[in-house]
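Here's a quick briefing on the structure below, grouped by topic. Have it open while you read.

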Amino acid sequence: MAVGSVPEAVAKLLEVTEQALWNGIAQARNGNRLGDVGHAVEETARPHRYGVVRDYVLPRRRLLAPAPRLRALHGVDLAVGAGQSVAVVGESGCGKSTLARTVLALEAPSAGTVRLLGRDLFALPPAELRAMRRHVQMVFQDPYGSLDPRRKVGWIVAEPLDALERVRDRGERRERVAEALGSVGLKAGDAEKFPHEFSGGQRQRIAIARALITRPGLIVADEPVSALDVSVQAQVLNLLADLQERLGLSYLLISHDLAVVRHVAEEVAVMYLGRIVEQGPTSAVFADPLHPYTKALLEAVPRVGRARRRRATIAGETPGLEPLANGQETGCPFAPRCPLAEAHCHAEAPALAPRDGDREAACHLA
Ligand code: SF4
């Protein structure tokens, strides 16, 4: 899928590893999964990639001038395998949420493809896209705002069934709701209660049950514990880990909380101004960050026993998105804040390139 004047070189993949996901679904069928998908499973080849670009067109300033564009995603490549947790981290405005919306097929990319189970979501006819949506579900950040306070929990949890599977049979709906609630440690009778009767942690369990009811392979979790008390964050994180093990789920975790990322994700992608600037196994990235931005993010995490004066901070504010000059980008986007910036950093944008092992970084000096 290529749109407008976006260079083909950046038209690569944001891919959920389709065969790997099928593998995970099949594995889960043998376990205690909510549902099943009846397809043959073959060995997985390493996925190829097609980056996602997302542009927003701004109003013209002059009648005949071209409309300026803001680029929220610059050729983002990401693959989530079966039973794998991948985290996307970065400051506010880095493009994490835009990326999540494209994965959920809520926003079409301007270039590149979003693939789920081998299908390009945005090339599907509407009926097939609706059928595919049940394979990827979302857990939102705020369990207070995301649950309709006027509806009973049973209605809330069953809502995706109505929208995506058109399940009309009352008995089946009741069973599926009870099953979903049971999988997150709630009782079937809780379906008759209202959200205000639950604590914050229980509400997030309800939100997770709602995401599970369509028996998805991939859960996009947007800051899933940031609105919860610290005392219940661990419970919800443990629940997510337990569900992953039991159901073979894959997670795409959107977070700015590096402690949560370290706990949950095997792979991490660090985003800055719509680009992935570093990615790799979480343990390796946290132990030895390659990109100056990743180093600064990790240095900024307060730790007990570390002297305050030794904590580095990132200079300056996160700049807002600027309209692209002639549709092109110039220089490293982190250069204005980078303590290591050299002259050519301002002239030439570094590409995300392979480094040691499974790692990638976008820095001339990494
Ligand atoms: S390319 Fe240059 S400015 Fe950009 S992060 Fe690396 S050292 Fe810093």
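Leu273 counts as buried, with 23 C-beta neighbours inside 10 Å; the cut-off for buried is 20 or more other C-beta atoms within 10 Å of a residue's own, with 12 or fewer meaning exposed, anything in between partly exposed, and C-beta atoms placed from the backbone. This is a predicted model, where local features need pLDDT of at least 70 and side-chain atom pairs count only at pLDDT 80 or more, while totals for chains, interfaces and linings use all residues. Residue numbers start from 1 along each chain as its sequence is written.

**Two leucines with positive phi**
- Leu273 has a phi near 45°, a positive value in a residue other than glycine.
- Leu273 sits in the loop between strand 11 (267-272) and strand 12 (275-281); strands are DSSP runs of E with at least two residues, helices are runs of H or I with at least four, and both are numbered from the N terminus.
- Leu117 isn't a glycine either, yet its phi is positive at about 50°.
- You'll find Leu117 in the loop between strand 6 (113-116) and strand 7 (119-120), and it is buried, with 20 other C-beta atoms within 10 Å.

**Whole chain and core**
- The protein chain has ten helices and 14 strands, and 44% of its 366 residues count as buried.
- Take the contacts (C-beta atoms, placed from the backbone, within 7 Å) between residues at least 6 apart in sequence: 67% of them join residues at least 24 apart.
- The largest nonpolar core has 81 residues, and Leu252 and Val157 are among those with the most contacts inside it; such a core is a set of buried Ala, Val, Leu, Ile, Met, Phe, Trp, Tyr and Cys residues joined through C-beta atoms within 7 Å.
- Helix 6 (residues 200-212) supplies the largest share of this core, six residues.
- Leaving out residues up to four places away in sequence, Leu252 touches Val80, Val86, Val88, Val103, Leu218 and Val220.

**Helix 4 against helix 6**
- Val153, Ile156, Val157, Glu159 and Pro160 in helix 4 meet Ile206, Ala209 and Arg210 in helix 6.
- By class, that contact has six nonpolar, no polar and two charged residues; Ala, Val, Leu, Ile, Met, Phe, Trp, Tyr, Cys and Pro count as nonpolar, Asp, Glu, Lys and Arg as charged, and the others, Gly among them, as polar.

**Around the ligand**
- Of the 13 residues around the ligand, Cys332, Cys338, Ala341, Cys345 and Cys363 come nearest; being near takes a C-beta atom, placed from the backbone, within 6 Å.
- That shell divides into eleven nonpolar, two polar and no charged residues.

Notes: Two residues are in contact if their C-beta atoms, placed from the backbone, lie within 7 Å.
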